[in-house]
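Have a look at the sequence and the model below. The report after them walks through the interface first and then a few spots inside one chain.

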Amino acid sequence: MKTPKKNLLSKDEISYVAKLAKLNLPDKLLLKFSDQLSSVIDYMSKIQKLNTEKVPETAQVTGLENVFREDKIDEDRMLTQEKALSNARRKYNGYFMVDAIFEE
Amino acid sequence: MNMLLDRTIRELNEGLNNQEFTSVDLINECYRSLEKLQPQLNAFITIIDKKTALEDAKKKDSKRSKSKSYLHGIPFVLKDAYISENVKTTSASNVLSDFIPPYNSTVCQKLLDSGAILLGKMNMDAWGHGGSSENTDFGPVKNPWDQTRVAGGSSGGPGVAIITRMTAFSIGEDTGGSIRNPSAWCNTTGLKVTYGRVSRYGCIAYASSFDTVGPMAKTAEDCAIILEAIAGKDPYDATSSSHEVPHYYDLLKTGINKKIIIGLPKEFYGNGLNDEIKKSILEAAKVFEKLGMKVKEISMPLFDYGIPVYYLIGPSETSSNLARYDGIRYGNDRSFFTEETMRRIMIGTYALSAGYYDAYYKKAQKARTLFIKEYKKALSECDVILIPVTPTPPTKLGELINNPLENFLADIYTTSQNPVGVPSLALPCGFTKNNLPIGMQLVGDMFSEDLLLKLGYEYQKQTDWHKKKPKLE
């Protein structure tokens, strides 16, 4: 496997991307990822060599546009409150419980 | 040893209708195999309680005369990426270690409605992230042809369960080879369908614009029967296609009415391809020639860019899809992701982040357009493209999972079809000297599943690679 000359991604950059991705990475993993992701991104960078001037982007391949449905409630697909909450770790009075985001 | 489950779905259906045996017999045979082999091979994550499955089978036996479905009373399993009501569904990740879905995926519902009997939920690479079924929180799946080797992935559990006769068929999910790779490495037949051919509703997402839902079974004929049962427009999946669902099974028998041209793109047969695999596929090409088809060399010069396109867009989409796992409504928090999954989330987040978006994600989306053109051009010169599924026979356990980039490169032949959307049928086509299975794939134009299945069906009439199964104690 070819290794990049220098690390494309520093530990700080990895730490920043982890924050964006809401992943809490321990220090050891930050270092390991800095190495591994550098070689992966280095490999993927060969895509820069492709000439894509005036080429439009493709986001999906269905050939479909504007798929609508009637604005009607589909009761077959409704979950009861009990069912919707059935997998939640924390609930209170029939609600999902989350940590407070505002301080008192 | 001959088993009932060696038979194709059509043969099983015939035997059931003629009262040669019952669904109860089939289910008993499956549980005998899986009770013996599951401890060695680790194909299942969740096994349906035997009593429940037998009761289901009894009901199916009593209603047999009223059903016209080929799948009535036939045992099946699902990759654990498909949610199933009241049956634990994990996507092979501890994030969902105890998730009990409150409803069924469309594909699961359709199969239950057609009378098939669910036996379990199968081991895989977590979230589809891998090609070896080692990236799982439930222990790696072992290859029944050599238990020191991997079963392929991400749908490794389904491949193993089919070839060892723990089930008649399975549903896999293919985002960049996840149906085809384990089919090649386990010696089963698997179909990656055209994007949108089968509803993704209730299918745990990896990369939404690549994900496809397709059959894995012993033969192309089996795949035709299953596809007919699961394909079609679903109001619950806006990306599912309203393209008419032909009678895939009946069509198999109508033969091929034109001179088929099979293209061999030279770039897919270059350095890096194992000699024995290359030889087997060229032998297979001769079988097609003997059937009156024309084989010709073509060129697909973008080949080298397949991996970058896939591994920039796939992780980008997965980083977005997996953002929903916050442990609030269901499941555990994000610290439960495996290292490989965290790597893919990180790559995707990086490719989408400010400053890099144009250079990576946007660039890959443009390259995707070029790939669509490349396949269109190739398929204007031939009817189907014949290529390898994997560059090597099944790898040793630990070989890929410990080397992230090598792990990605193992997908080199199967990743470029998903960004384009075209279907591909993986078929057994030989064995290495060490008795490891070899697979090939036939890639066709959008919605050409009927042609691919016909070609597979004709090929399997001429060969018996697909009938071979591993000897297991």
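## Ground rules

This is a predicted model, so to speak of local features a pLDDT of at least 70 is needed, side-chain atom pairs count only at pLDDT 80 or more, and totals for chains, interfaces and linings use all residues. Residues are numbered from 1 along each chain as its sequence is written, chains are lettered from A and ligands numbered from 1 in the order in which they are written, and side-chain values use heavy atoms, with hydrogens and water left out.

## Where chain B meets chain A

On the chain B side, 62 residues are in contact with 50 residues of chain A (contact means heavy atoms within 4.5 Å). The two chains bury about 5100 Å² between them, with carbon and sulfur atoms giving 68% of that; buried area is the accessible area (1.4 Å probe) that two parts lose on being put together, summed over both. B:Met346, B:Lys363 and B:Leu405 supply 14% of what chain B buries here, more than any other three residues.

There are 3 salt bridges across this interface, a salt bridge being a side-chain nitrogen of Lys or Arg within 4 Å of a carboxyl oxygen of Asp or Glu. A:Lys32 forms a salt bridge with B:Glu339, and their closest N and O atoms are 2.6 Å apart. H12(B) gives the largest share of chain B's side, 12 residues (helices are DSSP runs of H or I, at least four residues, and strands are runs of E, at least two, numbered from the N terminus). By type, the chain B side splits into 37 nonpolar, 12 polar and 13 charged residues; Ala, Val, Leu, Ile, Met, Phe, Trp, Tyr, Cys and Pro count as nonpolar, Asp, Glu, Lys and Arg as charged, and the others, Gly among them, as polar.

Buried means under 20% relative accessible area, exposed over 50% and partly exposed in between (1.4 Å probe, protein chains only).

H15(B) is largely enclosed too, because 11 of its 14 residues are buried. Among them are B:Glu449 and B:Leu453.

## A buried tyrosine

B:Tyr248 sits in helix H8 (residues 248-252) of chain B and, at 2% relative accessibility, counts as buried. Beyond its neighbours within four places in sequence, B:Tyr248 has contacts that include B:Arg197, B:Glu449 and B:Leu453.
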